[in-house]
Amino acid sequence: QVQLQESGPALVQPSHTLSLTCTVSGGSITTNLNYWSWVRQPPGKGLEWIGAIGYNGSPYSGPSLKSRASISRDTSKNQFTLQLTSVIPEDTAVYYCVRAANPWSGMDSWGNGTLVTVSA
C-alpha cells in the first residue's frame with residue numbers, strides 16, 4: 001500500500017519561498033496513470049487543489065496559485081516537491097500530498113499533512 005509523507009519547514013517568512021517535499025513509499029511515482037498532487041486547507045476553510053505532477057513528469061497547475069506554485073520530482077528518491085514563491089499570511093494552511101487517478105480528482109492516498117504558518 002502506498003504511503004506519503006510530507007516534510008518541510010513549519011514556519012516561513014512573508015515574501016519567502018515555501019518548499020515542501022513528499023516522500024512516497026510502497027509504490028513508484030513513475031507508475032503508469034498515477035498523479036501526485038498537492039492540496040492545502042487553510043484554517044477554517046475548505047480544501048484547495050494546488051497542482052500535480054504526472055507519472056510521466058507532466059505538470060498541472062491549479063488556477064488560483066498558478067503563477068506562484070511549481071511542482072517537480074526526483075525519481076531517484078521517489079519524491080515530489082512543491083515550491084510556492086512570494087508567500088503571504090493567507091498561504092498559512094495544512095499542506096497535503098496526495099496520490100490520485102487524475103491530476104485533480106480521484107484522490108485515494110493522502111499524507112498526514114503538515115501545517116505551514118506564514119509569519120514574520
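## Burial of the cysteine pair

Cys-97 has a relative accessibility of 0% and therefore counts as buried, the term buried denoting a relative accessible area under 20%, with exposed meaning over 50% and partly exposed lying in between (1.4 Å probe, protein chains only). Cys-22 is likewise buried, at 0% relative accessibility.

The model is a predicted one, in which local features need pLDDT of at least 70 and side-chain atom pairs count only at pLDDT 80 or more, while totals for chains, interfaces and linings use all residues. Residues are numbered from 1 along each chain as its sequence is written, and side-chain values use heavy atoms, with hydrogens and water left out.

## The disulfide

The structure holds 1 disulfide, defined as a pair of cysteine sulfur atoms within 2.5 Å. Cys-22 and Cys-97 form this bond, with their sulfur atoms 2.1 Å apart. Cys-22 belongs to strand S3 (residues 18–25) and Cys-97 to strand S9 (residues 93–100), so the pair ties together parts that are 75 residues apart in sequence. Strands are DSSP runs (E, at least two residues), numbered from the N terminus.

The torsion about the S-S bond of Cys-22 and Cys-97 is about 65 degrees, so the disulfide is right-handed.

## The four-stranded sheet

Strand S3 is also part of an open sheet of 4 strands, which has the order S1-S3-S8-S7 and antiparallel pairing. Strands S1 (3–7) and S7 (69–74) stand at the edges with a single partner strand each, so one side of each is left without a neighbour in the sheet. From one strand to the next, the twist averages 20 degrees, where axes are lines fitted to C-alpha atoms and angles run from 0 to 180 degrees between N-to-C directions.

Strands S7 and S8 (residues 79–84 for the latter) run antiparallel and are joined by 6 bridges; two strands pair if DSSP finds at least two bridges between them. Ser-70 stands opposite Gln-83 in S8, and Asp-74 has Gln-79 of S8 as its bridge partner.

The hairpin of S7 and S8 has 4 residues between the strands, and Asn-78 there takes a positive phi near 55 degrees.

## Surroundings of Thr-114

Thr-114 lies in strand S11 (residues 114–118). With a relative accessibility of 16%, Thr-114 counts as buried. When neighbours within four places in sequence are left aside, Thr-114 is in contact (heavy atoms within 4.5 Å) with Glu-6, Leu-20, Ala-93, Val-94 and Tyr-95.
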